[in-house]
Amino acid sequence: MEQKSTINFGAGPAKLPQSVLLQAQKELLSYNSLGISVLEMSHRSSDFSKILNKTESLMRELLNIPDNYKVMFLQGGGSGQFSAVPLNLIGLKEDRCADYLVTGTWSAKAAKEAEKYGKVNIVHPKLNSYTSECTILCRLSSRNSRPSSWTLNPSASYVYYCCNETVHGVEYNFIPETNGVVLVSDMSSNFLSRPVDVSKFGLIFAGAQKNVGCAGVTVVIVREDLLGHALKECPIVLDYKVQAESNSLYNTPPCFSIYIMCLVLEWIKNNGGSIAMENLNNQKSSLIYDIINNSDGFYVCPVDQPCRSRMNIPFRLKTEEGDEALEKQFLDGAAKRGMISLKGHRSVGGIRASLYNAVTLEDTEALATYMKEFKKQHM
Ligand code: PLP
């Protein structure tokens, strides 16, 4: 079978493991010798039930999810969860207020959406720059996982944060301490990239299209006692209790996306699980950060070192503001070598290398080699 020569460093939808694509291709016309595709299969059929159950059990195994948590596969993306979280959880306490940590574009959007349904308290002083001031939030040891500048509200219904800010490349390397208040995390862009202690969370959600599959399905892992508190205006498809009780089958789920996720989870398991993913992701990101750090200012990563993301590495050329003409040259040269989707998010510009689970060490080495050569030519 022909190998792909393009290396996709896109931020999502992102690269899928080659073996997953090949298996999906093989099974596209006839899944399990049934003579029909998963695309054509009833979501109530026993064959789809098996796919759904297998996906859930792999997820439970890979993340060691405790029995008192439900796992759901929903539609609406991460953005749908920006609404679903407050619709389901802000009514947990009478005050209808929630604490938000805002460390980038995605948590800012989530906080704005939550304001429709209750009071939102931004826990920390306003950051003028997500990248250079994120240290205020993230430079903490595991023993001190709550800085003194945070003002958590003990009567908040939940505390919300985005574990990895995809646009700005800011990642938490600790779990915030909330003094018993329910903790909610958007893990869309670092889900299953390392082990996580699910028991510390009330709810975790993640869109699949970066680390665990393709667009269309969002995983929601929620502690059982948090079900049944939805506001009355909550759309029924976003109601966690309804979806949990119907095993994500209240309405037609994104069947094919769930099937692809199942294949990716199997691939993660066969490749050593979340610990192996963590080792690989540390290795890959260190390779690129080492080049940035040792480039005598040719490559500039605006993010403070303690909260640099292992998943999304944004950088500029020559200065923090970047040199747009040179950056275009960098991107064009990369494309000529088959390395695509390295352009930074439109809101920040520059370059961004996304190194999700399916990006291999060899892919990353190819980028590292190119970065070294480009620097030699243009320093
Ligand atoms: N949260 C994070 C961390 C993201 O990176 C994204 C999208 O890239 C979203 C949420 C929004 O996801 P969606 O486009 O599926 O709504």
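This is a predicted model: local features need pLDDT of at least 70, side-chain atom pairs count only at pLDDT 80 or more; totals for chains, interfaces and linings use all residues.
I started with the lining of the largest pocket and sorted it by class: seven nonpolar, 11 polar and three charged residues. My classes: Ala, Val, Leu, Ile, Met, Phe, Trp, Tyr, Cys and Pro are nonpolar, Asp, Glu, Lys and Arg are charged, and the others, Gly among them, are polar.

Numbering runs from 1 along each chain as its sequence is written, and side-chain values use heavy atoms, without hydrogens or water.

I then looked at the pocket itself (an open set of points on a 1 Å grid over the protein atoms alone, with protein on both sides within 12 Å along at least five of seven lines; lining residues have an atom within 4 Å of a point). I got 21 lining residues, with Trp 106, Thr 166, Ser 188, Gln 209 and Lys 210 nearest the centre. Helix α3 gives the largest share of that lining, four residues.

Next I checked what surrounds the ligand. I found 13 residues there (a heavy atom within 4 Å counts as near). By class, this shell holds three nonpolar, eight polar and two charged residues. Again α3, residues 77-89, supplies the largest share, four residues.

Last, I looked up polar contacts (N or O pairs within 3.5 Å). A polar side-chain atom of Ser 79 is 2.6 Å from a ligand oxygen. For Asp 186, I read 2.6 Å to a ligand nitrogen, and for Lys 210, 2.9 Å to a ligand oxygen.

How values were computed: A polar contact is a pair of N or O atoms within 3.5 Å; within protein, one must be able to donate a hydrogen and the other to accept it, and residues adjacent in sequence count only if both atoms are side-chain atoms. Helices (H or I, at least four residues) and strands (E, at least two) are DSSP runs, numbered from the N terminus. On a 1 Å grid over the protein atoms alone, a cavity is a set of points where a 1.4 Å probe fits but cannot get out, and a pocket is an open set with protein on both sides within 12 Å along at least five of seven lines; lining residues have an atom within 4 Å of a point.
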